[in-house]
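Me: I'd like to walk through this one with you, feature by feature. Could you start with how to read the sheets?

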Amino acid sequence: QVQLVESGGGLVQPGGSLRLSCAVSGFTFSSYAMSWYRQAPGKERELVASITSFGDMTIYADSVKGRFTISRNNAKNTVYLQMNSLKPDDTAVYYCTTDSPFMRVGDLRYWGQGTQVTVSS
């Protein structure tokens, strides 16, 4: 059974930091690129960051470059999103997924249930 379980969301003040984690099971994590997407109320889901299976390449949305860092630990089947200098515009539900610009032919799309991040004073 495939599971992607996000954690680490919550309420944070502007300028603060959060670290999201996504624990994966049920497929060969080390063979898949991984991504974080987010969806704010009334907006379309957008790609935040992606990382290749080996972690040697990353891409970021322009809106988060220099503030967010995606990383992974293949030994722990976990992908992370370190979010610094958070802004109210970062408020959204954040999703962990295998959907990625680095996807290979034959890769399957798996999604987590999402974790809420709220940036507010």
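Reply: Happy to. Strands here are DSSP runs of E, at least two residues, numbered from the N terminus (helices would be H or I, at least four), and two strands pair if DSSP finds at least two bridges between them. In this structure, six strands form an open sheet with mixed pairing, in the order S2-S10-S9-S4-S5-S6. S2 and S6 (58–60) sit at the edges with a single partner strand each, so one side of each has no neighbour in the sheet. On average, neighbouring strands of this sheet are turned by 20 degrees against each other, direction ignored. For such angles, axes are lines fitted to C-alpha atoms (for helices, over the stretch in contact), and the angles run from 0 to 180 degrees between N-to-C directions.

Me: Before we go on, what kind of model is this, and what is left out?

Reply: It's a predicted model: local features need pLDDT of at least 70, side-chain atom pairs count only at pLDDT 80 or more, and totals for chains, interfaces and linings use all residues. Residues are numbered from 1 along each chain as its sequence is written, and side-chain values use heavy atoms, with hydrogens and water left out.

Me: Which residues of S10 make up its covered face, and which its uncovered one?

Reply: For burial, look at relative accessible area: buried is under 20%, exposed over 50%, and partly exposed in between (1.4 Å probe, protein chains only). S10 (residues 115–119) has Thr-115, Val-117 and Val-119 on the covered face, and Gln-116 and Thr-118 on the uncovered one.

Me: What is the order of the four-stranded sheet?

Reply: That open sheet runs S1-S3-S8-S7, with antiparallel pairing. S1 (3–7) and S7 are its edges, each with a single partner strand, so one side of each lacks a neighbour in the sheet. The twist averages 15 degrees from one strand to the next. S7 and S8 pair over six bridges, and Ile-70 has Leu-81 in S8 as its bridge partner.

Me: How many disulfides does the structure hold?

Reply: A disulfide is a pair of cysteine sulfur atoms within 2.5 Å, and there's one here. Cys-22 and Cys-96 form it, with their sulfurs 2.1 Å apart. The pair links distant parts of the chain, Cys-22 in S3 (residues 18–25) and Cys-96 in S9, 74 residues apart. Both cysteines are buried. The torsion about their S-S bond is about -80 degrees, so the disulfide is left-handed.

Me: And how do I read the nonpolar core?

Reply: In soluble globular proteins, nonpolar side chains tend to be buried together. A nonpolar core is a set of buried Ala, Val, Leu, Ile, Met, Phe, Trp, Tyr and Cys residues joined through side-chain atoms within 4.5 Å. The largest one here has 29 residues, and Met-34, Trp-36, Val-79, Leu-81, Met-83 and Tyr-94 touch the most other members. Elements giving two or more residues to this core include S3, S4 (34–39), S5 (46–51) and S8 (78–83). S3 gives the largest share, four residues.

Me: What does Met-34 contact, leaving aside neighbours within four places in sequence?

Reply: Contact means heavy atoms within 4.5 Å. On that basis the partners of Met-34 include Leu-4, Phe-29, Ile-70, Val-79, Cys-96 and Thr-97.

Me: Is Thr-97 buried or exposed?

Reply: Thr-97, in S9 (residues 92–97), is buried at 0% relative accessible area. For polar contacts, look for a pair of N or O atoms within 3.5 Å; within protein, one must be able to donate a hydrogen and the other to accept it, and residues adjacent in sequence count only if both atoms are side-chain atoms. A polar side-chain atom of Thr-97 lies 2.9 Å from the backbone nitrogen of Asp-99.

Me: Where does Ser-100 lie?

Reply: Ser-100 is in the loop between S9 and S10, and counts as buried at 7% relative accessibility. Its side chain reaches the backbone nitrogen of Phe-102 at 2.8 Å.
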